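User: I am new to this structure. Please show me how to read it, one feature at a time.

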Amino acid sequence: MAGGMDTGQGGKGGKKPLDTAINLTAFIDLMAVTISFLIMTAVWTQIGRLQVSQAGGPSTEEEPPPTETKTVQLTLLITPTELRLSADQSTFDPIPLTKDGKGKTDLSKLVARFKELKAQLPDQTAITLQPEDKVRYEDLVRIIDECIGSGLPQVSVSAAMG
C-alpha cells in the first residue's frame, strides 16, 4: 500500500484495476440543485430588505449641507390601538387603528393626515416611527410602506418614548 491507496500489488483479493469509470450523474444533480437553491435565496434576500435607518445612531452617508427648506422633526408613535403624529412640539389628534373586512389595519386616515402634512410642509422627507413592543410587525411594515408612498422616504425607527 502506498499512501493508503491499493495499487493492486499483492495482498489478499488479487489485483484490482485502477482505471474504473466514476458515475458523475449523482454529483451533477446535487450541484444543479445546490446552485438553483443559492440563486433563489440570493433573490429573496434582496426582495425582503427594508431601507430604514436607526434614529440617533451615526449616519453612514454624509449629511447634505443645510439649505433654506422648512422641515420639522416628525414623529409617529405607534401603539396597538392608535397612532399619534407629532411635528416638533405640536401634536395632532390621535388616529384610532381599526381593522377592515379582511382583518388588516385600515391606514386610510393616516394617509389623509400625511397628505395634509405634505401640503403644509412640501420639503419634509423624514419621519421617525416609534412602535411600542406589542405592535404587530405586519402593521409596522405597512406603515413604513405608507410613509414612503406618501413622500416621506427617510424612515427611521426608534424605541417608543412614553
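Analyst: Start with a cut-off. A residue is called buried when its relative accessible area is under 20%, exposed when it is over 50%, and partly exposed in between. Keep in mind that this is a predicted model.

User: Is Val155 buried or exposed?

Analyst: Val155 has a relative accessibility of 1%, so it counts as buried. Val155 sits in strand S9, residues 154-157.

User: What share of the protein chain is buried?

Analyst: Of its 162 residues, 25% count as buried. The accessible surface comes to about 12,100 Å². Carbon and sulfur atoms account for 57% of that surface.

User: How many helices and strands does the protein chain have, and in what order?

Analyst: There are three helices and nine strands. Along the sequence, the pattern reads α-β-β-β-β-β-β-β-α-β-α-β. Now look at contacts between residues at least 6 apart in sequence. Of these, 63% join residues at least 24 apart.

User: Why look for a core?

Analyst: In soluble globular proteins, nonpolar side chains tend to be buried together. Here the largest nonpolar core has 22 residues. Leu76, Leu83, Ile127, Leu129 and Ile143 touch the most other members. At least two core residues come from each of strand S2 (74-78), strand S3 (82-87), helix H2 (108-120), strand S8 (126-131) and helix H3 (137-149). The top contributor is H3, with four residues.

User: Which residues does Leu76 touch, leaving out those up to four places away in sequence?

Analyst: Its contacts include Leu83, Leu85, Leu110, Phe114, Ile127, Leu129 and Ile143. Arg84, Thr128 and Gln130 are also among them.

User: Which residues of H3 are buried?

Analyst: They are Asp139, Leu140, Val141, Ile143, Ile144 and Cys147. Ile143 is also one of the core residues that touch the most other members.

User: How should I read charged side chains?

Analyst: Side chains of opposite charge can pair when their charged atoms come close. A search of the whole structure gives two salt bridges. One joins Arg84 to Glu82, with 2.6 Å between the closest N and O atoms. Arg84 is partly exposed, at 35% relative accessibility. Arg84 is also among the contacts of Leu76.

User: Where is the other salt bridge, and how exposed are its partners?

Analyst: The side chains of Glu138 and Arg136 meet at 2.5 Å, N to O. Glu138 has a relative accessibility of 33%, so it counts as partly exposed. Arg136 is partly exposed too, with a relative accessible area of 40%.

Definitions and conventions. Residues are numbered from 1 along each chain as its sequence is written. This is a predicted model: local features need pLDDT of at least 70, side-chain atom pairs count only at pLDDT 80 or more; totals for chains, interfaces and linings use all residues. Side-chain values use heavy atoms; hydrogens and water are left out. A nonpolar core is a set of buried Ala, Val, Leu, Ile, Met, Phe, Trp, Tyr and Cys residues joined through side-chain atoms within 4.5 Å. Buried means under 20% relative accessible area, exposed over 50%, partly exposed in between (1.4 Å probe, protein chains only). Contact means heavy atoms within 4.5 Å. Accessible areas come from the Shrake-Rupley method with a 1.4 Å probe; for residues, only the protein chains shown count as cover. A salt bridge is a side-chain nitrogen of Lys or Arg within 4 Å of a carboxyl oxygen of Asp or Glu.
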